[in-house]
Amino acid sequence: MENDKIRLYAEHLSGMVKYPTLSNVDEDKVNYQAFYDFHKYLEETYPLIHKTMEKKVIGKASLLYKWPAKNPAPGKKPVLLIAHQDVVPENDHSLWKYPPYSGLIDGTFVWGRGSGDCKSTILCEMEAVEALIASGFEADYDIYLGFGHNEEIQVPHDRKGACLIADYLQEQGVTLGAVFDEGGGPAKMTTDTFDGYNVTLFMAEKGFVDFEIYCDTNGGHSMAPGQGTGLGKVAQAVVAIEANPMPYRLTPLTESSLKASAKLYSGKTAEIYADPAGHFEELCQMAKEDKFLDAKLHSTFAVTMAQGSGQSNVLPMHAAVIMNVRSLQGDTIESIEEYIRKLLPEGVEVRALNGNNPTPAVEAKGHVFDLIGKIERDRLDGELVIVPNLLPGGTDARNYTGICDSVFRYTGTIPTGHQGPAHGIDEFYDCASAPSSIQFYTEFLKQY
């Protein structure tokens with residue numbers, strides 16, 4: 001029976017992957033028909049959802065479903081499960097093992113762009129709700145599903161699907177009791193000191209902002225560069241910035257994360273993590289060798305793009321680099337810009353192009369947090385460590401923090417060890433891991 005379900009999940013996900021739902025900052029380049037065809041596929045695949053839930057298209061192509069409670073409990077807030085429909089470009093098709101939109105099923109693996117990020121999350125959320133409807137379950141609170149159409153790109157608020165969904169809910173007077181988006185899940189770990197599951201709950205996200213570091217000059221011929229070029233000055237700025245990263249500091253979320261994860265380690269690492277404030281200097285030394293720990297301790301700078309002139313013998317009139325910054329709680333776009341500005345040589349300027357500030361961190365307590373722990377303890381064998389964590393990347397979840405205090409990037413998926421690279425060549429998803437996620441959503445909605 002379980003194998004039959006996995007095969008069915010694979011068939012459903014395969015169908016989803018066949019729709020090239022690519023987002024693009026230039027709306028004229030978006031094939032919205034692919035999104036509308038995808039919506040039609042969801043209607044055909046999940047008939048009970050489309051019969052029972054109220055469906056609304058938000059913005060160009062985002063989806064919001066509502067399953068209203070027949071007998072709502074007073075004061076019980078709704079739950080929203082979210083994911084995103086859009087995918088990133090697939091790059092050179094000749095490098096793929098199978099065509100990126102074939103949705104080819106190889107055993108339980110489904111190959112193709114978006115199979116892992118994040119149509120598999122749409123799959124698990126919809127399978128859970130469809131099955132609950134079929135079982136006759138009736139919640140005493142409203143249940144929502146929300147699927148944005150442009151999570152993978154940076155666009156203004158009035159074009160961002162998730163922002164528009166959140167705005168619509170707020171206009172309707174809705175405040176949410178819990179939001180779940182793509183993110184963490186339980187991971188089996190066996191070490192000298194631990195045998196059980198590390199349950200990673202992403203409780204907040206870092207901010208995301210692109211800065212342009214630039215120098216404008218009169219340009220001219222390269223035979224007479226004078227005392228340096230605009231591009232040279234920008235290069236000096238980059239060297240100064242990279243030589244002066246923002247200082248390490250311990251936020252409450254990172255401190256609680258390290259303390260919780262100390263049980264997963266042994267020796268000196270366990271000692272440092274158990275008391276990160278008391279071993280801060282040693283923690284900072286560790287971070288210099290561990291880029292993921294480094295990302296938790298400060299706002300990071302990554303110079304990713306450069307611009308000069310279009311020809312080697314022409315001095316650039318506008319020389320620039322783009323620096324992507326992932327900001328830590330406590331920093332803002334304005335405070336980071338001021339920090340950068342103090343490092344720039346004369347003639348070099350900085351400006352923020354786009355972005356957002358870090359999200360507030362969910363507190364590691366309360367009904368939703370406790371219920372997640374209860375569900376995972378009930379269904380998992382062995383020792384369990386719940387680790388609140390900071391997500392260095394970004395998700396649509398950030399857009400719902402204004403109407404919900406319990407926003408989690410968590411799917412409950414227990415990985416099988418077989419997963420293709422998100423955003424990479426040969427992305428694939430092992431549908432054998434889908435039942436664990438579906439089980440989590442089902443139990444949460446039943447017990448909430």
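Which residues lie nearest the centre of the second largest pocket? They are K5, Y9, E127, A131 and I438, and they belong to a lining of 14 residues. Please keep in mind that this is a predicted model.

## The second largest pocket

Helix α1 provides the largest share, with 5 residues.

What kinds of residues make up the lining of the second largest pocket? Sorted by class, there are 6 nonpolar, 4 polar and 4 charged residues.

## A cavity

How do we look for empty space in a protein? Rolling a probe the size of a water molecule over the atoms shows where such space is left. When the whole structure is searched, 1 cavity of 30 Å³ or more turns up. The space in this largest cavity is about 50 Å³.

You can find the cavity by selecting the residues that line it: S23, N24, E27, V30, Y32, F35, H149, N150, I153 and R159. By class, this lining has 4 nonpolar, 4 polar and 2 charged residues.

## Rings that pair up

Now for the aromatic side chains. Two numbers describe a pair of aromatic rings: the distance of the centres and the angle of the planes. In this model the count comes to 19 aromatic pairs. One of them joins Y98 and W111, with 5.2 Å from centre to centre and 70 degrees between the planes, which is an edge-to-face arrangement. Y98 lies in the loop between β3 (79-84) and β4 (105-106), while W111 lies in strand β5 (residues 109-111), so the pair ties together parts that are 13 residues apart in sequence. W111 counts as buried because its relative accessibility is 8%.

A further pair is formed by Y265 and Y273, whose ring centres are 5.3 Å apart. Their planes stand at 80 degrees, so this pair is edge-to-face. Are these two residues buried or exposed? Y265 counts as partly exposed, at 38% relative accessibility, whereas Y273 is buried, with a relative accessible area of 7%. Ring pairs can also link up into a cluster, and here one takes in Y141, F180, F408, Y410, F440, Y441, F444 and Y448.

## Charges over rings

Which residue has the charged end of R351 over its ring? It is Y214, and the charged end sits 5.2 Å from the ring centre. Another example to look for is K188, which lies over the face of Y197 at 5.8 Å from the ring centre.

Start with D142, in the loop between α4 and β6 (143-148). D142 counts as buried because its relative accessibility, 18%, is under the 20% cut-off. Its side chain reaches the backbone nitrogen of A69 at 2.8 Å.

Next, look for G232 in helix α6 (residues 230-243). With a relative accessible area of 28%, G232 is partly exposed. How far apart are the C-alpha atoms of G232 and G107? They are separated by 54 Å, and the two residues are 125 residues apart along the chain.

Key. Residues are numbered from 1 along each chain as its sequence is written. Side-chain values use heavy atoms; hydrogens and water are left out. On a 1 Å grid over the protein atoms alone, a cavity is a set of points where a 1.4 Å probe fits but cannot get out, and a pocket is an open set with protein on both sides within 12 Å along at least five of seven lines; lining residues have an atom within 4 Å of a point. Helices (H or I, at least four residues) and strands (E, at least two) are DSSP runs, numbered from the N terminus. Ala, Val, Leu, Ile, Met, Phe, Trp, Tyr, Cys and Pro count as nonpolar, Asp, Glu, Lys and Arg as charged, and the others, Gly among them, as polar. Rings of Phe, Tyr and Trp (its six-membered ring) pair if their centres lie within 6.5 Å; planes under 30 degrees apart count as stacked, over 60 as edge-to-face and the rest as tilted. Buried means under 20% relative accessible area, exposed over 50%, partly exposed in between (1.4 Å probe, protein chains only). A charge sits over a ring if NZ of Lys or CZ of Arg is within 6 Å of the ring centre and within 35 degrees of the ring normal. A polar contact is a pair of N or O atoms within 3.5 Å; within protein, one must be able to donate a hydrogen and the other to accept it, and residues adjacent in sequence count only if both atoms are side-chain atoms. Grid points are joined across faces, edges and corners, and a volume is the space filled by probe spheres set on the points.
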